[in-house]
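Dear colleague,

I am passing on the structure we talked about, and below it you will find a short account of what turned up. Please keep it open beside you as you read.

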2 protein chains.
Amino acid sequence: MTRIAICAPGKRLEPERAEAVSKIAASRDDVELHFHPQCFANDGHFAGSDAMRFAAFLDCANDPGFDAVWFAMGGYGSNRIAPDAIAGMNAAAKKKRYLGYSDTGFLLGALYRHGFGHPAHGPLVGDIRREGGEAAIMRALDWLAGKHDGLEPSLRNHPTVAFNLMTLAMMQGSELMPDLTGHVVMVEEVAEHLYAVDRLFFHVTQNLPEVAGLRLGAISEVPENDRSFGAEPEQIVRFWCERSGIPYLGRAQIGHDANNRIVPFGLADTAHGA
Amino acid sequence: MTRIAICAPGKRLEPERAEAVSKIAASRDDVELHFHPQCFANDGHFAGSDAMRFAAFLDCANDPGFDAVWFAMGGYGSNRIAPDAIAGMNAAAKKKRYLGYSDTGFLLGALYRHGFGHPAHGPLVGDIRREGGEAAIMRALDWLAGKHDGLEPSLRNHPTVAFNLMTLAMMQGSELMPDLTGHVVMVEEVAEHLYAVDRLFFHVTQNLPEVAGLRLGAISEVPENDRSFGAEPEQIVRFWCERSGIPYLGRAQIGHDANNRIVPFGLADTAHGA
């Protein structure tokens, strides 16, 4: 039985989503979910104050009674608690699996920077609301329970990471940023204009070290603009990869949708053995 | 007579705005405007292709018949042409005044990095469309003609720069970024959610060298969100300044409005003497 602790480093989780995911977990005999009450707190933009979200993360991470930590929602705010969260992690916290994406990439990146635990990019609890959300939740539970299914299909013997494009861009140069030298870097984006996506790829490619290459996940829910950008997402990433000498490796099955596959940070085989 | 060349490194200029600004210039005896035809070109998001915008910039910058270069519009795209633009500048180009803000901050920053010309943050040609736009245009023309009026009122004997917050964030770590050690850094933003402003200040404060301090310009046209952020712009910048040990110096009269005052990069007195 894998005991999974759930907290919300950014946005609040709607209680009905927790109930729906609890029902799915109850249908399995390999996982047990523990929702930290902080998941449902409310403080302006966030699921509780920085102090409350930070404390809830450590309640989940540091308790040896939990085997894994699952993030409830993205939103925004995990960067505000990540430095203290990292500094407060104990020995038990440094062995666990951590799963999330979108804004929680700040925490995943910081964990990876410090070699703490086994961070992976994959579905959040709140993804139950999406079309096909149940499959995404089952995929997340499989990985949290130690199974090897549901991995992003292009994963090979290269160390790999995956991030939301904006999250990666904002993390670059910060105290949270891991060293991605030699890595395959997968990125996805949601609800950004294509000109903003272009600008983000400028920033990201200018700030990456020598990486093995970039892969492009879904670029979804692009808002209508007053004029069309004039290039599709894949043309944008090819343009900036060519300018910066970064190999473009093709698409990746990550994104803000139910098809979001699991990307364990580092070598996928190593993560399997965790 | 100051001969001012105008090009559009990002977004296209509407011809009626050029006409309105030409009328204002015609009412003065100290300036002569030369609109490059590229200002009115159209290619997807941009005022012409990268090649066309780059060539137009150099037409304006390198021609010894022009005394100053004024940017027509912001939008997005000056980062795509800035490296080639800088590399192509001749001796005449390196003596001129360059005026703009918003997306053209990428070019202003790159000019400042290389010590080329006298870049300043201030009104664009397209600001004629704003309420009070005529005053903004007169202020820009005054500075381009070598007058000392219209400067941001807090300017003292500290080297200073001013940028759109997103532009500065995207420029950090790139080949365009100037060294801001010891500078007063003024930032403004438009049409971004407050959570995005918070995230940008995280990135910017984490990536600045030891600066003299930050000043906050206008944070305007903040879109409605599904929940209020819980902090006002000045609280946000104070929070991140305190976290990063950067002195917060108060407000600045810059922004996406007609009150946008002139900030010559470097020491204002030096710029006066240009």
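In this predicted model, the largest nonpolar core has 118 residues, and those with the most contacts inside it are Phe57, Tyr98 and Phe201 of chain A together with Phe57, Tyr98 and Phe201 of chain B. If you select Phe201(A) and set aside its neighbours within four places in sequence, you will find that Phe201(A) is in contact with Leu165(A), Val187(A), Leu214(A), Leu216(A), Ile236(A), Val237(A) and Trp240(A). There is also a second, separate core of 36 residues, which includes Leu13(B), Ile24(B), Ala140(B) and Leu151(B). As background, nonpolar side chains in soluble globular proteins tend to be buried together.

Turning to where the chains meet, 36 residues of chain B are in contact with 36 residues of chain A, and the area buried between the two chains is about 3,200 Å², with carbon and sulfur atoms giving 53% of that area. Of the area that chain B buries against chain A, His45(B), Met170(B) and Arg199(B) supply 22%, more than any other three residues.

Between chain B and chain A there are two salt bridges, and one joins the side chains of Arg80(A) and Asp198(B), at 2.9 Å from N to O. Polar contacts, counted where both residues are at pLDDT 80 or more, link 25 residue pairs between chain B and chain A. On the side of chain B that touches chain A, helices 3, 6, 7 and 8 of chain B each supply at least two residues, and the largest share, eight residues, comes from helix 7 of chain B. By class, that side of chain B has 15 nonpolar, 12 polar and nine charged residues.

With best wishes

Terms used: Residues numbered from 1 in each chain as written. Chains lettered and ligands numbered in written order. Predicted model: local features only at pLDDT ≥ 70, side-chain atom pairs only at ≥ 80, totals over all residues. Heavy atoms only, no water. Contact = heavy atoms within 4.5 Å. Buried area = accessible area lost by both parts, 1.4 Å probe. Salt bridge = Lys/Arg side-chain N within 4 Å of Asp/Glu carboxyl O. Polar contact = N/O pair within 3.5 Å; in protein donor to acceptor, adjacent residues only side chain to side chain. Helix = DSSP H or I, 4+ residues; strand = E, 2+ residues; numbered from the N terminus. Nonpolar A, V, L, I, M, F, W, Y, C, P; charged D, E, K, R; others polar. Core = buried A, V, L, I, M, F, W, Y, C linked by side-chain atoms within 4.5 Å. Buried < 20%, exposed > 50% of the residue type's maximum accessible area, 1.4 Å probe, protein only.
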